[in-house]
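I opened my notebook to look up how this chain is put together. I began with the strands, then took a helix, then the aromatic rings.

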Amino acid sequence: MTEPLENPVDQSARVVVIGAGQAGLSVGYHLRRLGLVPGTDLVLLDRAPSTGGAWQFRWEALRLGAAHRVHDLPGMRAMGLQFDDADRSRPARDVVGEYYRRFEQHHDLRVRRPVSVPSVSRTEDGRLCVTTRSADGTETRIRADVVVNASGTWGTPFVPWYPGRGAFRGRQLDTTEYRSAAEFARQDVVVVGGGTSAIGFLLELDGVARSTHWFTRRPMVWADSSSLDLESAVAAVDEQDRAARAGEVLPSIVSGTGVPVSRRIRAGIDRGVLRDQPMFTRMDETGVVTADGTHVHADAVLWATGFRADLRHLAPLHLRTAAGGVVVADGRSVDEPRLFLAGYGPQASTIGANRAGRLIARQVMDVLAAA
């Protein structure tokens, strides 16, 4: 459906990339190498205040190597940078932010920030219109031949509903709101979720909180090795790809791979800190109640229950299916061929956004050549 523009377009670009995390920067790098000029032909937008993608918002105690590996951006090693050699004594958010800043400057990508994107719509001539909003509230409309969405997931944490959740009088927060274990000193904390963030929170809270209880929707699966094996990674990518092509909500990566057991995690398991329990059935004013009726007191409930792809700004394109997702094949929207989704599905940043950057960039250039 084409929706007429209420206001005139302020700018035009051949390609607009929404998001300057790992996926967006990877696509931008390859498009620049293929001849697009950043700032004119190619416009990169980022709603975050600084470089580093979602990493800039991570909690201070998180270090590189404590979660999923951060892959080098394409061309980064030629600059003398690689995350394998990065300082692991510094906060991961600072290291990633610094490396991404140097990458953007080196390749002159001219990322505009902080700029949010309230909507992407169609123009009367069949192109796409990206509406942007700057920090002072000024809106600008950019008409583009192609849009690459690389908005990630950090802006849309998923918190499931459970009976009694609204009655709980303690503190509830999701992964994006966690700052430091010190906030929970001498408190009883319930942690919900089966991913690496939940595990990291439990390890940090150990010895700080009065108690921790860990609840997961399905029993934890611990991988035999300290790193993700190739077979599990391939299986996870295949399942993400299947869901994306079917227009389904994307499954959790961890649910398809298990969690590798590092020495730190092994120590946590041995100490009894990482001992998951079946999901509680309800909440009340002072805690949670398990299936057998046991009441677990909680001062705080930390929902480390994952994220959903942040696609709200694409709503005017009417791409969401009855199954809750968007139909995407090889990084391209099936229902809107001028739209690409980088870092989505099998291209999720932890398992392949960099490799997908080149593929999407080549497809984008094919669309531009045919226009």
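I first settled what pairing means: two strands pair if DSSP finds at least two bridges between them. I also noted that the model is predicted.

**Entry 1: strands.** I looked up β1 (residues 11-18) and β5 (residues 139-149). They run parallel, and 7 bridges join them. I picked S12 and searched for its bridge partner in β5, which is R143. Next I checked β1 against β2. These two also pair in the parallel sense, over 4 bridges. Here I picked V17, whose bridge partner in β2 is L44. Then I followed the chain from β1 through α1 to β2. This β-α-β crossover is right-handed.

**Entry 2: helix α2.** I then listed the buried residues of α2: A92, V95, V96, G97, Y99, Y100, F103 and E104. I recalled that an α-helix has 3.6 residues a turn, so residues three or four places apart point the same way. What do the buried residues of α2 pack against? I found that they pack against α1 (22-33). After α2 comes D108, and its phi is positive, near 50°.

**Entry 3: aromatic pairs.** I counted ring pairs with centres within 6.5 Å. The count comes to 13 aromatic pairs. I opened the pair F83 and Y100. The ring centres are 6.4 Å apart and the planes are at 65°, so this pair is edge-to-face. F83 lies in the loop between β2 (42-45) and α2 (92-106), while Y100 is in helix α2, so the pair ties together parts that are 17 residues apart in sequence. Both F83 and Y100 are buried.

I turned to F280 and W303. Their ring centres are 6.2 Å apart with planes at 70°, so this pair is edge-to-face. F280 sits in the loop between β9 (276-278) and β10 (282-284), and W303 in strand β13 (residues 300-303), so the pair ties together parts that are 23 residues apart in sequence. I found both F280 and W303 buried.

I also noted one aromatic cluster, formed by W59, Y178, F184 and F201.

**Entry 4: charges over rings.** I looked up R58. Its charged end sits over the ring of W55, 5.1 Å from the ring centre. Then I checked R308, which lies over the face of F158, at 3.9 Å from the ring centre.

Definitions and conventions. Residues are numbered from 1 along each chain as its sequence is written. This is a predicted model: local features need pLDDT of at least 70, side-chain atom pairs count only at pLDDT 80 or more; totals for chains, interfaces and linings use all residues. Side-chain values use heavy atoms; hydrogens and water are left out. Rings of Phe, Tyr and Trp (its six-membered ring) pair if their centres lie within 6.5 Å; planes under 30 degrees apart count as stacked, over 60 as edge-to-face and the rest as tilted. Buried means under 20% relative accessible area, exposed over 50%, partly exposed in between (1.4 Å probe, protein chains only). A charge sits over a ring if NZ of Lys or CZ of Arg is within 6 Å of the ring centre and within 35 degrees of the ring normal. Contact means heavy atoms within 4.5 Å. A crossover is right-handed if, with the strands pointing away from the viewer, the path from the first strand over the helix to the second runs clockwise.
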